[in-house]
Every structure is written in C-alpha cells, then in structure tokens.
Amino acid sequence: MRSIALTCAWIVLALAIGTSTRTARAEGDDDAPAQPVITKAPQLLHFEEAVYPPDQKAKGVEATVILTIAIDDKGAVSEVEVASSAGAAFDAAAIAAAKKFVFSPAEIDGKPAPVKITYKYAFQIKEELVSLGPQINFEGTIKERFKKTPMPNVKVRIVDLDIDAVTDEVGGFAFQDIPVGTHKVELSAPMLITVVTEEEIVKGKKKTVTYFVEEKEEGVDEEEVVRAPRIKKESVETVIRTEEARRVPGTQGDTLKVVQNLPGVGRSSFGSGQLIVWGSSPKDTRVYVNGVEIPALYHGGGLRSTVNGDLVKSIDLSPGAYGADYGRGLGGLVKVETKNLASKGTHAIIAADVIDTSAMVSTAISKKARIGIAGRASYLDQTLGAVTSSDVGDFVSIPRYYDGQLLAQLELSKDETLTAFGLVSDDKLDRTIPSDDPSAVRKEKTHTGFWRAAAEYKRLFPDGASVVVAPSVGIDRNEVVSSFGDVPTEIHTTSGRYALRGAYRRKLNSNATLTVGADGQFTHTEVNRFGSITLPAREGDITVFGQPPGSQVNADDWTVNELTVGPYATAQVTVGKLELAPGLRIGPVLVDGSRLIPLIGTTPTQGYRRLDWTFDPRLAATYHATKKLLLRAGAGLYTQPPDPEDLSSVFGNPTLAPSSAVHLVLGGAYKLRGTLTLEVTAFAKYLWDLPARSEQATPALAQALDQDGVGRSYGGQLLLRQELVKGFFGWVTYSLIRSERRDHPDQDWRLFDYDQTHVLGVLASYQIGHGWEFGGRFRFTSGVPRTPVTDAYYDARSDQYDPIFGPQNSIRVPSFYQLDLRLERTITRPRYRLNLFLDVQNVTNRSNPEEIIYNYDFSRREYITGLPTLAVVGARVEL
C-alpha cells in the first residue's frame, strides 16, 4: 500500500525569549553581561503525521515546507509560521500537523525556557510492502510435456523445508510465505518421471512458474529414474510422442506412420510398406514393440501401421550406431512403447474413415489391474471406387488387412509390475499389369501375417537396481505367388519365433550406470518353394517387373533352425560435460538345416549345422559444449544371421554365414529457442559378406548364392524441429544419401536398388482455435534406380519377347512429390471427445510413378502409379 513519509530537522534560532533585553558582548568589554547558553535542546516526543493533500497525492506531487515553530517552556507548540512555502495546501497541512507536536522543554543555562526552531516538513510518496497476513509467494501450474494438458494430483515438495502441496484439477499449486533464498523443488506422481529443480524466492516478489513433466515409460518406477537412469546409447535418435504423431498430415491419425516422415528414412513404393533407413535394405531394419521383434511396422500398402496407435506412447527411430542391447540387424532400429492404460473406469475409442475402422476399449479391473483390446479392419478395396475412378484398382495396388492387440497390466507391488500383450496382423496385396488378352495378364499376390504373445516383468530393488525379463512367442507367415508366364512361382514360409530378453541395471555411483543383459531368439522356419529359379527377384537382379521368367524351374522344401544368443553390457559414464556409452555384444549364431545338398533320387537327406561367433563392440559419445549446443558421435559393429529363405540347397546356399556392417556417425544439435532445435548428422556404413546371386550360369551344387557382396552407404541429414508449443508444431527434414553395392569382387560398384539421393519433407500443424486445426505436409524423393531396356528380341521357342538391358541401374523411376492437407475439428464434452477430420492426400493429383513396366514386346515403357487424390473423411470418438 501507499503511505506518507515526512522528515524533519530543527535548528535553534533564537533563544532567551522572556528576557527583557539582550546585550551583545562587545569585543574587549569584559564588564558586559554573559550571553545565554542552550544547555539542552528540545526533543520531539510526539509526531503528528500531516494529511497529504488528496489532489496532490493523486498527481504524485511531492513537496517540502520550511516552518518556524515556537516552543514554550513546557514543551508545547505556541506558534507556527511558514518560512518557505510549498503552496497553500501543503502549507496548511504542515502547520496543522506541527501544532500538535509535543516536545521536551529546552533549557537555557540549565533552566526550562521557550525557544524557536526551524523545521523541514517533507511530503514524499513511496512504496511499502505491508503485511496483510500470510501471503502466497510461490505458485505455479504443472502440465504434461507433450499434450500440454493440466496434471492434477502431482505432489510438489520443497525438499529443504519439508513441505508439500498437491496440484488441483487444473494442475495448479501454491505455497505461502516461503523464506527468501534458493530452494530445491521436487515434482512426483505415480505416472510421472520425478523432476527435481531449484527455484529462487526474492523478497517482495511472487514466484510464478509452469512445469512441463513427462509420463514415465511403461513399468518404470519413479525411483528407477532417479537411482538408475536409462542409458542413452543411440548416437542419433528421433523421438516422437503420440500427441504430435497423430496430428501429422497424411497419416490419417495413425501415430506410427510418422516414422515415414523422419530424417534418414527413404520412401518405399506404394504397396510395400517397407522401411528404407540410411540406404539399408528393408530386411535389415528391425522393429520392436516393448522389446519384442515384429516383422513389419506397416500393413502391405503402407497406409496403416500394424499396431493400433491408441495403445502407443512413443516411437523412437535410430537409423544407425545404436546400443549393444539390440542386434541381429545391419540397418536401423525402430522401438515402439505402449502406454499406460487408464487406471480408473472404462474407456473406448472408435475411429472410422474411407480406408478402415478401428476401435480400442480399456477398463480398470481393480486398482492394480487394467486390460485393453484394440482392432482394425480395412475396406479401401470396396470404397475406393466411390471416391476415385471405378477402375483404379486395376492399376493401383489396393491392400486388404486387419490387426488386433491385447494389453494387460498388473501392479504386483509398488516396485513390481507385470505386463502381458498380444499382437496379430494379416495382409493381402495384389499387383497386376492388365492386358486385353486374359492370358497375358501378369499378377503378383502376397499374403503375410504374424502374431505375438509376450510378457514383461519389471522390478525395482530397494538399493535402486532394477531387473527386466520379457519372454515372447509367435509365428510369421509369408506367401508370394507370381504369375508372369505359363508356370507360376510360389514361395510359402512359416517361422516360429521364441525369444527371451532380460536386463539388470544398477547405478554404480553418481557418474556411472551399468546394464548387463541377454537377448536370445530361437527361430524354426519351414519353406516350400517351386517355380522359376529367378523369381521372386533379388536385390541386384537385372530385371523388370512382370518380366516372364526363364525356362529353368525347380522345387525345394527345407527347414532351418536358428539360435542367436546375445549377452551384452552397456554403461553410461559422465566425465564433466562428456557422456560416454560403451557397449559390447557377443554370442553364438547356431544354424541347423535340413538339407545341405538337393534331394537327388534316393540319396538320403543330409543335414548340416554351423556355429559362428559374433563380437560387436559399440560406443556412443555426447558432449554438452554449451547449454544450447550438443555434439554426438558413435560407432559400432553389427551382425545379422542369414535369412532362412536363402539357405535352400536348390535356390540358395546352406553354408551362408552371418553378414556384418560397421556404422560411423558424427553430428550435433543446437537449440535455437526453447522448443526449436536444429540437428545435423553425417554418417557412413560399410557392409560385407552380403549374399548375392552367383555369377555362374550353372552354379555349383547348392551354391546358387555366394557371399562376396559388399555395400556402402554414406551421406547426411538435417532436422529442423519445432516442438508442440502454443498449438503449433512442425519440422523440416532433408537427407542426402548415396547407397551402393558390389556383388562380386570383379564387378564395379553399382547403385543399390533402394538408393534415393534426395529425401525432403516439410510438415506443420496449427491449432487455429475453437477446436479447429489445420496442417500440411510436402514430400519429395528421388526415384529409385532401375536398369533400362534398350531393345528386345523374339524367342520362338517360348513364343515371347525377351528384353535386352542397358547398364545396370543407370536410370531412375521419376521423382516422387506429393502435397497432403489435413483439417480437423475437435469437440470436447464432459463424457466424450469427438474428432472430425478431412485428410486429403495428393492434393495436386499427381500420378506418382512407383515402378517401371513394359508392354509385351518391350517397345513401350509405362509406370505403375500410386494413389490419385484421396480425400479421407473420418471421425474419432473417445469415451
């Protein structure tokens, strides 16, 4: 509040009031009477505050009045006069106040006597902090980091004062009369990663803060984060949370499709759903859900993911140089983490559009047990004709798929959890080259599917160590039927997979954390194949889609058992600003096959067994140069077991050994603003012992494939990312990649079949307000290399034309570019939340070439194209 401060000073002017005469003592007049001497000055005993003139106070005017005050021998004020005026209003107020002053009497020559003094009365306005009782001087709001939603029931504790508060329904908290100084503040809740920070309380000021907190990973106790933090082993990693991923234009709300828009990821052709990461073969990239490997992240058309996005918490992409806890792959690594189901009530989410319908229902069985089930089924093959031309299915591959998931979570105790989940997925996809002649129609049909059943047990011990055990079992099925000539080619593969992962982690000291574990998998694969020896085409084969196969046909059925055991150790060591994450993965690769040589006549079947050992050291380093600049580097060796489909004694080579690769990564990240980051990364990969088709026209027995192949990929990527803030998020990615292969030592290097030199992606989304959101995505990629057909000749024996090829992979499929737009309206009510969206793919209706095809005599080149403009109208309801 405001108050008036008045200062005073008095000066004794003249004394001896009451003496009839005053005679100055003349110099040299020794007989003159002595002058009176003030032996005691008057003291102010009672001060009266003047009334500040209201009009002057309102104007902020300050003034000083000089008064002459007469004080009698009793100390009372007998007269007040203005010696220096500050204006009538100030003068009157000063006089009125001075007349009420009370002094102790002055003394002259030791006796009470009247005096006059000069008094300065100052009128000044100043701010004063006046205590009105207990005051709130530290308050704030806690929100979820990614969704920016309020977080109720979060405990806010001031550690050094041992006091706490709990956030209300809007995430707010407040403390009263916190002492001045720096205090340690801890934020905690059962579902959150514990956060500890410091706040400074300044005298006379209220501290207001907003904290953004993150939900912890499934099954990780808050003390696990504090005592033994998870080791950061990847040199390059992009993490996307579901709230951002669902809103990316072109994904139709499917969170996992966001991986297609991340740096380092090439674009797969429509209908494949493959992941091409840093120029690696799609078969070389591994996908894990809660630590369990699955064969495919996307359904056959790449339109949807195989895991319902409503069960997903986060998606992590590591294109290379990842840690020792994962192996069996030469390419990238994708990790999907499921979220915590709601701890109270029953909830349902239903989403439908012209592509498919999905649903998810979860319920809390008790305080410690929760269960959720989700599923999806497509019908685009039936609805596409209603939104595009009726014959589009004759030229565009239309996938048919379904999937389902079951997730159960049980809290055994405060520091002990058990999670069980199951996955099932099924896909059918047909690719056709139509013809007016029914006998000349060329088709390729694929049918793939898998299921997984897994459990995950986690426990945190009192000393801060933790243990994780995750067994899983499943089956993969794959069928390909190609009809490019008189004799169809078929391959049927069934694989039973049994895996066990376990890890023990503990914090050694404040600067070091150690994890030891094992990652084992046993695979039993049965393959049946008959038809052309050159179909399906392998990477590196000189061919065109739909080319009739040669006259050589054969058949084989074989069984392969593979056991890989990968004990590993990783650590995180902090030395000042430097963080080191060394790791080592070793172990056997045991391959047991049913046929070492083809079955000939009555020759008994001869099996084989091969044992190889892997030794894969890895190292990642992070240097915190400044608060804004982060530098990263990483390197590692990687080993991949042979593909069971390549171990046929007729179509492959049973003696194939594991393939290997080395990854090198160097990059950095600079935080331009709080939520705006620029990341730049350079990489190089070198691969060796790659299987390739034999150069020999008539290969040796059981050696249709050999292992002389090598490969290299190198380049760089850029990511400019704006995280979700004030309703806006987006990113710009650009990758420059060169990927090459050499199948045999006497051959020249050639472009990899999946090489894409330039990959550009720009996307953004903005919440306009009132529940409306608008976003867009633009993508550009170089076309993949292909071998041109320069001529053809007629083969009278087979009554067909055969192509004459030019230099291998010397041309490319035309570049791909596409603009997608998304408009969404969200309506929130107490009992439900409704999302209505319009997601328009390929706004410009570009006919993007996906593959090169030729007519029957190879005289005319054409293209299989992707989808035309597709307006996906859909709705999503959360109950």
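**A walk through the predicted model**

Let's start at arginine 750, which counts as buried, with a relative accessibility of 7%. Buried here means under 20% relative accessible area, exposed means over 50%, and partly exposed is anything in between (1.4 Å probe, protein chains only). Keep in mind that this is a predicted model, where local features need pLDDT of at least 70 and side-chain atom pairs count only at pLDDT 80 or more, while totals for chains, interfaces and linings use all residues. Residues are numbered from 1 along each chain as its sequence is written, and side-chain values use heavy atoms, with hydrogens and water left out.

What does arginine 750 form a salt bridge with? Its partner is aspartate 753, and the closest N and O atoms are 3.8 Å apart. A salt bridge means a side-chain nitrogen of Lys or Arg within 4 Å of a carboxyl oxygen of Asp or Glu. Aspartate 753 counts as buried too, at 13% relative accessibility. Elsewhere, salt bridges that share partners join Arg286, Glu293, Arg328, Arg501, Asp519 and Arg585 into one network. In the whole structure, a search turns up 35 salt bridges.

Let's look at one link of that network. Arginine 328 and glutamate 293 meet through their side chains at 4.0 Å, N to O. This pair links distant parts of the chain, 35 residues apart: arginine 328 sits in the loop between strand S23 (312-318) and strand S24 (333-338), and glutamate 293 in strand S22 (residues 292-294). Strands (E, at least two residues) and helices (H or I, at least four) are DSSP runs, numbered from the N terminus.

Now for a sheet. Strands S14, S11 and S17 make an open one, in the order S14-S11-S17, with mixed pairing. Strand S14 (172-176) and strand S17 (207-213) are at the edges with a single partner strand each, so one side of each has no neighbour in the sheet. On average, neighbouring strands here are turned by 20° against each other, direction ignored; axes are lines fitted to C-alpha atoms, for helices over the stretch in contact, and angles run from 0 to 180 degrees between N-to-C directions. S11 (residues 136-144) and S14 pair in the antiparallel sense over five bridges; two strands pair if DSSP finds at least two bridges between them. Along that pairing, glycine 140 stands opposite phenylalanine 173 in S14.

Lysine 206 and glutamate 139 form it, with the closest N and O atoms 3.6 Å apart. Lysine 206 is in the loop between strand S16 (195-201) and S17, and glutamate 139 is in S11, so the pair ties together parts that are 67 residues apart in sequence. Glutamate 139 is partly exposed, with a relative accessible area of 23%.

S16 itself belongs to an open sheet of four strands, ordered S13-S12-S15-S16, with antiparallel pairing. Strand S13 (163-166) and S16 are its edges, each with a single partner strand, so one side of each is left without a neighbour in the sheet. The twist from one strand to the next averages 25°. Inside the sheet, four bridges join S12 (residues 155-158) to S15 (residues 181-188), and valine 156 stands opposite leucine 187 in S15.

What about the nonpolar side chains? The largest nonpolar core has 46 residues, and those with the most contacts inside it are Leu275, Val289, Ile294, Leu297, Val334 and Phe421. Apart from it lies another core, of 25 residues, including Ile71, Val77, Ala113 and Phe123. Such a core is a set of buried Ala, Val, Leu, Ile, Met, Phe, Trp, Tyr and Cys residues joined through side-chain atoms within 4.5 Å. In soluble globular proteins, nonpolar side chains tend to be buried together.

To finish, here is a hairpin. Strands S46 (residues 789-795) and S47 (residues 800-805) run antiparallel and are joined by six bridges. Four residues lie between them, and aspartate 799 in the turn has a positive phi of about 55°. Aspartate 795 stands opposite glutamine 800 in S47.
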